Amino acid sequence: MTDEELAERKKRIEDYRILSGYLARIEHFALGVNTGIYDTKTAERAATYYLVMLYRQKLKPMMDVKQGSSTTEYYAEFRKLVERIEKIERK
């Protein structure tokens, strides 16, 4: 493996680690919204575009990989929050 290939691999691993950390924080926030600690409409107003875009473009593919063939649904709170935000947006 060349130095350039090694550097690129390390960058991809670091990017994955960073995104995975963001996903964990968002899941925690989504749990707060979904259990009523935070208000869904406030979350929608504050972060609609950002959360939905991040979910669709960056994190959903990672979530699918992490899910694999497991029967337990990982990151369900984040998915539920995005669905609730999308429902508000359609109104």
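This is a predicted model: local features need pLDDT of at least 70, side-chain atom pairs count only at pLDDT 80 or more; totals for chains, interfaces and linings use all residues.
At 17% relative accessibility, Tyr 75 counts as buried, because the cut-off for a buried residue is under 20% relative accessible area. Tyr 75 belongs to the loop that lies between helix 2 and helix 3. Its phi is near 60°, a positive value in a residue that is not glycine. Most residues other than glycine have a negative phi.

The chain as a whole holds three helices and zero strands, and from the N terminus on its elements follow the order α-α-α. Its radius of gyration is 16 Å, well over the 12 Å that the globule rule gives for 91 residues, so the chain is more spread out than a compact globule. Taken along the principal axes, the box filled by the C-alpha atoms is roughly 55 × 30 × 25 Å. Of the 91 residues, 30% count as buried. When contacts between residues at least 6 apart in sequence are considered, 71% of them join residues at least 24 apart. Charged side chains number 18 positive and 15 negative, with the centres of the two sets 5 Å apart.

Helix 1 covers residues 3-34. At 1.5 Å a residue, its 32 residues should span 46 Å, and the C-alpha atoms at its ends are 46 Å apart, which agrees with that expectation. The buried residues of this helix are Ser 20, Leu 23, Ile 26, Glu 27, Ala 30, Gly 32 and Val 33. These buried residues pack against both helix 2 (40-67) and helix 3 (76-90). Arg 9 is also placed in helix 1, but this residue is partly exposed, with a relative accessible area of 43%. Between Arg 9 and Tyr 50 there are 28 Å in space, C-alpha to C-alpha, and the two are 41 residues apart in sequence. Just after helix 1, Gly 36 takes a positive phi of about 90°.

Within helix 3, the residue examined was Leu 81. Leu 81 is buried, and its relative accessible area is 0%. Apart from neighbours within four places in sequence, its contacts are with Phe 29, Ala 30, Val 33, Asn 34 and Leu 51. For the pair Leu 81 and Val 33, the C-alpha atoms are 7.3 Å apart in space, while the residues are 48 apart in sequence.

The segment after helix 3 contains Lys 91. At 80% relative accessibility, Lys 91 counts as exposed, because the cut-off for an exposed residue is over 50%. The C-alpha atoms of Lys 91 and Ala 47 are separated by 17 Å, and these two residues are 44 apart along the chain.

Methods. Residues are numbered from 1 along each chain as its sequence is written. Side-chain values use heavy atoms; hydrogens and water are left out. Helices (H or I, at least four residues) and strands (E, at least two) are DSSP runs, numbered from the N terminus. The radius of gyration is taken over C-alpha atoms; the globule rule is 2.2 Å times the number of residues to the power 0.38. Buried means under 20% relative accessible area, exposed over 50%, partly exposed in between (1.4 Å probe, protein chains only). Contact means heavy atoms within 4.5 Å. Lys and Arg count as positive and Asp and Glu as negative; His and the chain ends are not counted. The place of a charge is taken as NZ of Lys, CZ of Arg, CG of Asp or CD of Glu. The expected span of a helix is 1.5 Å times one less than its number of residues.
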